[in-house]
Amino acid sequence: MLGRYPERELANFVLPEFGQLAETGNVLRPFVLLDADGVEIEPVTAFFVELLACDRSAATIRSYGMDLLRWWRFLWGWGVAWDRATRSDARDFARWMQVADKSALLHWRHRRAVQMGSAPKAAPQQLPAGIPNPITGKSSPGPRYARTTRAHSETVLRAFYDFHLSEGTGPILNPFPLDRSRRHGRAHAHHNPDEQFRHERQGRYRPTISKRAPRRIPDAGFNALFAALKHDRDRALLAFWVSNGARAEELLTSRQRDALPGQQLLGVVRKGNRAYQQLPCSADAFVWLRLYQESAWRAGVPRGRNERLWWTLRRPWRPLNYAAARAMFDRANSLLGTNWTLHDLRHTAAYRLARDPKMPLTDVQWVLGHAHLSTTQLYLPADRDEVIEHVRAHHARRAKAAERVPPPPAAGYNPESLNNLFGTAW
């Protein structure tokens, strides 16, 4: 007991698997949150409508919906209504996310195996959180919620209750308050335009996020990944990702009319503003694309200018989505024992472009679709692998200099005088 506030047993609390975030296929309401009885949760639907009116994408709705589903399940587990949640409930939720393990999502084939009574295939062993991969040097995400996930969840839930507070349909006080230093004003309220913006904490229960430098895949690592792929489609995808710098989901929006091999351009729909943009690509990418298309069309993949460019490899033919593309990439990672991500390919393309002295940085900004040049400048400094190589070369030069034996002095010169004048390495 903490005074008059009861202490919850959060360490052993298991999130109930009630409700779901369902996809509707309707552009006006792409996702809905359902309770345990399959009934739509109207407060969440109203919040989704507000987000759509603010020109948020369907991917954003899904991301927000997953955070809200987690919060709803937490409230259901403790028997608390959403509009009766207090700051102690939000505080316990933040504490629970610090110690709870992430829910293990089974593949649909494994779920079918469980329903039929057979045991699913064991998942590969993951390194403990914070332990770097011996090949890539990247730390494993670990079984618990990452700080970025907790920060995103806090932001979403605070925005959800702010919306209902302004509408008069929620609790009087937001369960997820602002930081104590910001109770009486907004962030950067008295910002000096001559100074850079400082990162100010917003939510009281929002964890501190450390700034991470983007990681690229070394050329040797990329060649190993490319060789581990089995299909021309997958090789074409990697060649495009690493040459045009598009995000993984952006490349999957292309249609067959968007590939222009003669001009070495590929059209994609950007993630943020959903604008159409033609990106320059390498010639090798179009060679692999043509090889993939020839084999796919002979197998019966739909062909036409308005048809999607990327398809699954098995019948029934379906447009390739992000989850399937990531599964393809993860299979190559499993063969090599690495933990690269699809977004690392975008970082690799950005590093290659930004480190080219003949490539203007504003051109790199246009290719990557960055709104601010400061974001593109993150790729100018040397990354971790380059710094390590530079330091190794430094130690090698010092070791070589220490082994060097100075030549004997010419006749008539005093060695001690030469040492005082030029040092011992003359």
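**Ground rules**

I'm working with a predicted model, where local features need pLDDT of at least 70 and side-chain atom pairs count only at pLDDT 80 or more, while totals for chains, interfaces and linings use all residues. Residues are numbered from 1 along each chain as its sequence is written, and side-chain values use heavy atoms, with hydrogens and water left out.

I started with strands. Helices (H or I, at least four residues) and strands (E, at least two) are DSSP runs, numbered from the N terminus.

I looked up strand E1 (residues 20–26) and found that it pairs with E2 in the antiparallel sense, over five bridges. For two strands to count as paired, DSSP has to find at least two bridges between them. E1 and E2 make a hairpin, with two residues between them. Asn26 sits opposite Arg29 of E2.

Buried means under 20% relative accessible area, exposed means over 50%, and partly exposed is in between (1.4 Å probe, protein chains only).

**Entry: the E3-E4-E5 sheet**

Next I checked an open sheet of three strands, in the order E3-E4-E5, with antiparallel pairing. Which strands are at the edges? They are E3 (259–260) and E5, and each of them pairs on one side only.

I went through the pairs. E3 and E4 are joined over two bridges, in the antiparallel sense, and Leu260 has Leu265 in E4 as its bridge partner. E4 (residues 265–269) and E5 pair over five bridges, again antiparallel. Val269 stands opposite Tyr276 in E5.

E4 and E5 also form a hairpin, this one with six residues between the strands. I wrote down Arg274 in the turn, as it has a positive phi of about 55 degrees.

Then I followed the side chains along E5 (residues 276–280), and they alternate. Gln277 and Leu279 point to one face and are buried.

**Entry: salt bridges**

Side chains of opposite charge can pair when their charged atoms come close. The cut-off for a salt bridge here is a side-chain nitrogen of Lys or Arg within 4 Å of a carboxyl oxygen of Asp or Glu. How many salt bridges does the structure hold? I got 22. I looked at three of them.

- Lys271 and Glu249 form one, with the closest N and O atoms 3.8 Å apart. This pair links distant parts of the chain: Lys271 is in the loop between E4 and E5, and Glu249 is in helix H8 (residues 248–251), 22 residues apart. Lys271 is partly exposed, with a relative accessible area of 47%, and Glu249 is partly exposed too, at 30%.
- Salt bridges that share partners join Arg8, Asp89, Asp92 and Arg95 into one network. Within it I picked out Arg95 with Asp92, whose closest N and O atoms are 3.1 Å apart. Both lie in helix H3 (residues 87–99), three residues apart, about one turn of the helix. Arg95 counts as partly exposed because its relative accessibility is 32%, while Asp92 counts as buried because its value is 8%.
- Arg144 and Asp101 form another, with the closest N and O atoms 3.7 Å apart. Arg144 lies in the loop between helix H4 (108–115) and helix H5 (147–167) and Asp101 in the loop between H3 and H4, so the pair ties together parts that are 43 residues apart in sequence. Arg144 is partly exposed at 44%, and so is Asp101 at 48%.

**Entry: H7 against H11**

I looked up how helix H7 (residues 232–244) meets helix H11 (residues 342–354): their axes come within 6 Å and cross at roughly 45 degrees. The two helices are therefore oblique to each other. Axes are lines fitted to C-alpha atoms, for helices over the stretch in contact, with angles from 0 to 180 degrees between N-to-C directions. Under 35 degrees counts as roughly parallel, over 145 as roughly antiparallel, 65 to 115 as roughly perpendicular, and the rest as oblique.

Contact means heavy atoms within 4.5 Å. From H7 the contact uses Leu238, Trp241, Val242 and Ser243, and from H11 it uses Leu342, Leu345, Thr348, Ala349 and Arg352.

**Entry: Thr136**

Last, I checked Thr136, in the loop between H4 and H5. Is Thr136 buried or exposed? I have it as buried, because its relative accessible area is 2%. Leaving aside neighbours within four places in sequence, Thr136 is in contact with Arg215, Thr338, Asn339, Trp340 and Arg384.
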